[in-house]
Amino acid sequence: MKVTIIDYGLGNLLSIQRAFEYCGAEVNITQNSCDILTADRLVLPGVGAYQDGMIGLKQHNLIQAIQQFVSTGKPFLGICLGMQLMMDSSEEFGYCDGLGLIKGPVKAIPDTGVDGQPHKIPHIGWKALQHAEKDQAWENTILSGLRENEFVYFVHSYVSIPIRDENRLADCFYNGQRLCAVIREGNAYGCQYHPEKSGPVGISILKNWLQI
């Protein structure tokens, strides 16, 4: 299996590359739009600010290539900032348009729990994945074989808010605040957490994605 990882100046590329290689994949890291358009499977990683991410994609002329790739229905995975860039827009450091792969904005995580008490931002640590909707099926998705309350590792200050419920596959809770953890539109998936840093559960999720 061949996986193409996008290098646009942001992201922990080495750890993601190693995780996919551990899963048996052949990895190509690229800044070239032609590589993106001809890829079998495409990964958009990212760590940092939303606007910086979109600027990096624009500077490398990758925005249209990513949109065209996703339109083919081939497997796509956005990780952390990469998931947020899949949305329409973000309010981080002012309004910024995104890739528009999934309808909805990216907004700041509430700075208090549901009890009104302040909590730390960014949200960092291990949290349990929960069904976004009651009795939601995870089979035949990247979460196949997982049960609720499997722990994965998060580091983020902003959260994606899909407009359509069907785009929201899994959530987590931070002091009672429900935060979107996994999004999906067809074969395009996004993970707010870092699967490459989430131990056996994260590896299982990457292997599921490789089987799409």
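This is a predicted model: local features need pLDDT of at least 70, side-chain atom pairs count only at pLDDT 80 or more; totals for chains, interfaces and linings use all residues.
The protein chain contains six helices and 14 strands. Its radius of gyration is 16 Å, close to the 17 Å that the globule rule gives for 212 residues, so the chain is as compact as a globular protein of that length. Along the principal axes, the C-alpha atoms fill a box of roughly 50 × 40 × 30 Å. Of the 212 residues, 54% count as buried. Contacts in the chain were also examined by separation in sequence. Among those with a separation of 6 or more, 70% join residues 24 or more positions apart.

Two elements, α5 (81-85) and β10 (151-156), each supply at least two residues of the lining. By residue class, the lining comprises six nonpolar, seven polar and two charged residues.

S198 lies in the loop between β14 (188-191) and α6 (199-210). The side chain of S198 reaches the backbone nitrogen of Y153 at 3.0 Å. Y153 is also among the residues that S198 touches, once residues up to four places away in sequence are set aside.

Definitions and conventions
Residues are numbered from 1 along each chain as its sequence is written. Side-chain values use heavy atoms; hydrogens and water are left out. Helices (H or I, at least four residues) and strands (E, at least two) are DSSP runs, numbered from the N terminus. Ala, Val, Leu, Ile, Met, Phe, Trp, Tyr, Cys and Pro count as nonpolar, Asp, Glu, Lys and Arg as charged, and the others, Gly among them, as polar. A polar contact is a pair of N or O atoms within 3.5 Å; within protein, one must be able to donate a hydrogen and the other to accept it, and residues adjacent in sequence count only if both atoms are side-chain atoms. Contact means heavy atoms within 4.5 Å. The radius of gyration is taken over C-alpha atoms; the globule rule is 2.2 Å times the number of residues to the power 0.38. Buried means under 20% relative accessible area, exposed over 50%, partly exposed in between (1.4 Å probe, protein chains only).
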